[in-house]
Number of protein chains: 4
Amino acid sequence: MGSFGVWIIGARGGLATTMIVGAVALAKEKASSAGLITERDEFQELGFSPFEDMVIGGHDIRSTSLTECAQEISRDTGTITHDLLEACREDLEKIDKEIKPGTSLNCGEAILSLRTSEAEPETAADALSRIRDDLSSFKERHSLEHVVVVNLASTEPLLEETPEHKSLERLKHAIANDRKHVMRASTLYSYAAFDLGFSLINFTPSNACLLPALEDLAKERGALYMGSDGKTGETLVKSALAPMFKYRNLRVLSWQGYNILGDRDGRVLSNEKNKAAKVSTKDSLLPQILGYPLHTHVGIDYVPSLSDFKTAWDFIHFLGFLDTKMSLQFTWQGNDSILAAPLVLDMIRFAEFAHRNGEKGRMVQLASFFKSPLGVGAQDLHTQWHSLVDYVEAHRSARGTDV
Amino acid sequence: MGSFGVWIIGARGGLATTMIVGAVALAKEKASSAGLITERDEFQELGFSPFEDMVIGGHDIRSTSLTECAQEISRDTGTITHDLLEACREDLEKIDKEIKPGTSLNCGEAILSLRTSEAEPETAADALSRIRDDLSSFKERHSLEHVVVVNLASTEPLLEETPEHKSLERLKHAIANDRKHVMRASTLYSYAAFDLGFSLINFTPSNACLLPALEDLAKERGALYMGSDGKTGETLVKSALAPMFKYRNLRVLSWQGYNILGDRDGRVLSNEKNKAAKVSTKDSLLPQILGYPLHTHVGIDYVPSLSDFKTAWDFIHFLGFLDTKMSLQFTWQGNDSILAAPLVLDMIRFAEFAHRNGEKGRMVQLASFFKSPLGVGAQDLHTQWHSLVDYVEAHRSARGTDV
Amino acid sequence: MGSFGVWIIGARGGLATTMIVGAVALAKEKASSAGLITERDEFQELGFSPFEDMVIGGHDIRSTSLTECAQEISRDTGTITHDLLEACREDLEKIDKEIKPGTSLNCGEAILSLRTSEAEPETAADALSRIRDDLSSFKERHSLEHVVVVNLASTEPLLEETPEHKSLERLKHAIANDRKHVMRASTLYSYAAFDLGFSLINFTPSNACLLPALEDLAKERGALYMGSDGKTGETLVKSALAPMFKYRNLRVLSWQGYNILGDRDGRVLSNEKNKAAKVSTKDSLLPQILGYPLHTHVGIDYVPSLSDFKTAWDFIHFLGFLDTKMSLQFTWQGNDSILAAPLVLDMIRFAEFAHRNGEKGRMVQLASFFKSPLGVGAQDLHTQWHSLVDYVEAHRSARGTDV
Amino acid sequence: MGSFGVWIIGARGGLATTMIVGAVALAKEKASSAGLITERDEFQELGFSPFEDMVIGGHDIRSTSLTECAQEISRDTGTITHDLLEACREDLEKIDKEIKPGTSLNCGEAILSLRTSEAEPETAADALSRIRDDLSSFKERHSLEHVVVVNLASTEPLLEETPEHKSLERLKHAIANDRKHVMRASTLYSYAAFDLGFSLINFTPSNACLLPALEDLAKERGALYMGSDGKTGETLVKSALAPMFKYRNLRVLSWQGYNILGDRDGRVLSNEKNKAAKVSTKDSLLPQILGYPLHTHVGIDYVPSLSDFKTAWDFIHFLGFLDTKMSLQFTWQGNDSILAAPLVLDMIRFAEFAHRNGEKGRMVQLASFFKSPLGVGAQDLHTQWHSLVDYVEAHRSARGTDV
């Protein structure tokens, strides 16, 4: 195998920085495999590309350097230690040079307020063309076999459906005519990636990133993709626990979930428009798993002092035998970037593996990584996990390595 | 189908009373199906026997009447309402007459202290013979097709392994020679049940109930059986949640569980000897699910004010990416009898169904109901559930009703 | 001492019903003194009026009878048992006849939707005159020494300040001219009570109930009064815990509080306008106790399945030595009516006692019972408690019974 | 003011190291005042000695250097950051030279297992004389005005009462005759401190440290002292919350507390004998505050992965109006050393201040800092706090600075 590229939308954010530091550390054997599925014995023998072969670049609308970002994380949460930062500093500075100015086209107030690198106003077509050039020159510059694009940018406001979203022709037309209000930044990133046959992973809930028209383009070009919204914390626990109530025929009366967090993501989500996108993907899985409508609530509040340590309290009220009411409550205290970063690395490796094996289209085997897995009905974490295990087993038996 | 019998060891306990009131209420359509798996649409069409066909009797070492027990529950926890009690009163009085004096042979201090019906001292052989007579005359008196015996008695102290446990001949010999210290009450109940070809469900952790020698007897007589220790609360949640950590390669560092409860069961478990039996079944499943040894602790404390409302607090400390420590904690507040009663009813129906279908031996399909399922390695709740679903599917497709 | 009256605004609500059942049960010695301060040894000897001397009446806009309300509570939460209800039934029916149709004048959508007794449209002046007649005829009919009016009605929307609120003359003028938008129902109830020299306790957060102009009227007539917003659950815990952080110079960074509840009060509060009134009284005490501004949040969500069992989760993030972040979280599970009812009874007895002793104006000694105690700066529960103890001590030493 | 000394028993433990780093950082203005009472505006003006004037030394039975200890803390919990450690390194090395070999005389298995600096076997009298010499030469060497000795060593097993504890003469005799079993290491440290007229603070629960005979010696020499067992975490919350239940006449039925921690202290406490000493001081305050006996439990379990981040879960079950059961539960997540260190610094300053003002004997004003405050009946945190405030006020008004 030769080198392969990873192109990150939102490359200077907390998640991206954590992921990059982790990838560098793994390549240097300065980090353990904790949190990485692709490092588990039974998966590893599939033959994933080593971290040393990963070349990283990306787009961002902020100008703070990767090293500064890493220092900020080190100070705020301590997840990147002083020693680790020193060990990776040189690589971070090198990667930093591969990060190009992004676009915040029609991304709304909350995201605009983050922008620190002043960009020239440009038309949608110009932005698209610039992005595509960045992507293709990255591939050429490093002689990469393949590039996986991952969207780790802040959650955009929900984009309301318009006819342009359902027809590739109409979408092209809208871009050509600079009809910015029917698209967002993520639309252009996906367009460019698919157009070049690159793989794309939408780790955000932003729906503008994987419109039906874009899926059509991906199919045309034989590109791999999957989304949306990484399942890292409270929703992960939800999708692991909810089946239990089904297995016992205990009727869930109410499931209240309160999330508090203090990172940049939390700040953007404190904007009602951006929050709406998030809550909708967090709240839909319970009726699907349980099989009936129920009283649910998902709250997200910005609590700066927590920085990236998200805390979530869920209260589950349920009915048992003789209509007795009982309850389960849990408090989840996790670091969002630390939980998300290995998922992204795992998916990048799965995408690169799939590309190497000539696969195309939706990567439904990755359902367990998402809150809203594209084209997958099952929201139950266990069912999703077994579909990933089945995928791996199929590949192993195909090559005669089945255990 | 004709009538079938249910014979309860510990028939006047809180769980048995709740289960009996529930069964009567279901037969009268005065209770909902909440908590019952066998009432779920996809299972129901298998053709389980209706609750009206259930005839109930049992043994107990306490003399309080069923109605008094039900009143006590009504007053202490409110799970049996005043109206429900009135609706069932007559049936309870009828069933009460089918409850015979039990045995507390070699059951230890804690259980002896519960005994209120004075029993004549008797040899093991006499006790066995008396029990067998009670069982067979119950079957005859009501012209029952089959009888399912369920052990719902208080947890006995762990019985240390002796050679008598591994050989049916030696066990028979020990009974004949009144060597009481190698057996406990539950040994005799099982012996009698198996000897008569009845089905047996050990809902308790008492290991004296399903010794290898007794399994041999069951095989000889073609009896059905399963155990041990109903999985109703904290352990249920554990077995649903633990796989999640595996799916994410998050290493569990410590899993501390603290159970507080105030019912008769809690009082018996406040005796260190009886607690040991319980803790051992509660604590073993994590290493099995996760695949590595870890720091675990299971505490059980008696808190009288809680009566049957068990509260459990679990703290799970785990390691993620970049060796960051995170945590999940949950508080479970459930009513033990209310959680257990429908499981017992479900298993009785599954046993009666299996007997009607000519099945024999261990009912491994019932693994999801137990903390220590006999002959089943998988402790993961989801895997266990799917094995039950597979069992049901197999029967449905066999009769051409598969969906 | 002769009889004294208790007149309840919102007399058929859950809190009022619980309080009435409790008062009747106490008079009949069918209830314990749990929850009642005035029954504590050191307070009792002050000589509070016995519950037998209490005559109860009130206003409500709902027509459901007290007995029906009590049955609903019995069924939903079990706090009023079947036996207690039977023991009180006759008295409830008698009291029910003393409940007159209330007014929902300018109370907003949420409260209007509760109205079941159809009232003739009336002017503010007519409503006031009708209320005053109800109050004075109640006193006469039962030859009462004094009447204490308590406002237990649903929370009204916040009333914005207008010049009429600061001048008794202008308020009279507004009533005479039917300028309904500058007052709410509670304004008229207070007006009538003060005008007759009755005592008034505003247990709700409704600010229209104790306007400065109304306080002027109270002073003119020598009436006793206190408010606002009973401190029963999460806020009680807050005001007990917050001083601890001050005592240790631990800086509270964030204090997030999430309340979920399912009773009629919860339904009314799910209306944003009514919630605003509540949140403002719940959220202001922390900066006062701690002495600095901090990040706080109070959420209230309606979760019908909980009925009157309110659950609150608070997360407190604080900074210690070497700027280390630590946390405390608590979950409060209380029954709102059960917590509030004895406070109301205690305050009624304190008010009757104060009236008998010739006191007038604000009853600041009752500060510990309120979220926003009128004219009291100290929000710290302990300081408030000691001011009550001091009041009691002063009376005891005055009569030479000091210990 | 001149310099004053601080002599720490257990000077290389986690708490001592944190306290020393903190004191050095405060002297260098590299740390905030968070957690320090003596830095609050209203206390500060009393005129406490500045941290620059503190000269630190101590005893320990471990040989690991202070810098190594600080590095271990930095790695395990991150509370001492890399930058802070660098800033203090030189001072730590200097202080390290002032730490002399301690004694583990009759301290039991758990403490002996910590000993890394090999000590010559010695008689009690020799040990005492050696300790006294270390203390007095420390004072002379640095020309100190006064020395405050603080006991921060691991919890010793409870010492059973013997006649030697009640008579200074008999205790002297026991030391002279090397009757080691009637004393422990802390007895000798206290003896030496008091004999020299130094102040002593017993921050541990070890009862051998403040025997009545030792108090007699302190009185003879005019020494200041206080203890025992610093109130830093779960017990602190308990003593702040319990009064609330009294103020509302809510009867506490059960108060269960579970503490899990993973530091050296936790390891020593995992020994049943050492745990007994701790539990007894943690468990006694509730009946004192509430005024009645109740069901309580205090669990302490060793969970290595937590290191110094102690987590405690308390479940409080209580009875309200109409005998309704309700509950409050809290989870405390604090860093023990971080919570304790500023208390120790505060008390050192209070002791030095008291000595400068010619005070003698028990420092009862420091009650709020202890789980078992010597000679103080009130366990209520608020009452304790007000007694400290009163002490401060008295001094301020004495010098005419009262506000």
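Chain B of this predicted model holds an open sheet of 7 strands, in the order E3-E2-E1-E4-E5-E6-E11, with parallel pairing. Strands (E, at least two residues) and helices (H or I, at least four) are DSSP runs numbered from the N terminus, and two strands pair if DSSP finds at least two bridges between them. The edge strands of chain B are E3 (99-101) and E11 (361-362), each of which pairs on one side only. Strands of a sheet pair through backbone hydrogen bonds, either parallel or antiparallel.

Within this sheet, E4 (residues 147-151) and E5 (residues 199-202) of chain B run parallel and are joined by 4 bridges. B:Val148 stands opposite B:Ser199 in E5(B).

Helix H8 (residues 185-195) of chain B lies across E1 (4-9), E4 and E5 of that chain, at about 170° to E4(B). Angles run from 0 to 180 degrees between N-to-C directions, with axes fitted to C-alpha atoms, for helices over the stretch in contact. Contact between two residues requires C-beta atoms, placed from the backbone, within 7 Å.

Chains C and D also touch: the contact takes 47 residues from chain C and 47 residues from chain D. On the side of chain C that touches chain D, the largest share, 10 residues, comes from E10(C). E10(C) is joined by 7 bridges to strand E10 (residues 325-335) of chain D, and the two run antiparallel. C:Thr331 stands opposite D:Gln329 in E10(D).

Residues are numbered from 1 along each chain as its sequence is written, and chains are lettered from A and ligands numbered from 1 in the order in which they are written. In this predicted model, local features need pLDDT of at least 70, side-chain atom pairs count only at pLDDT 80 or more, and totals for chains, interfaces and linings use all residues.
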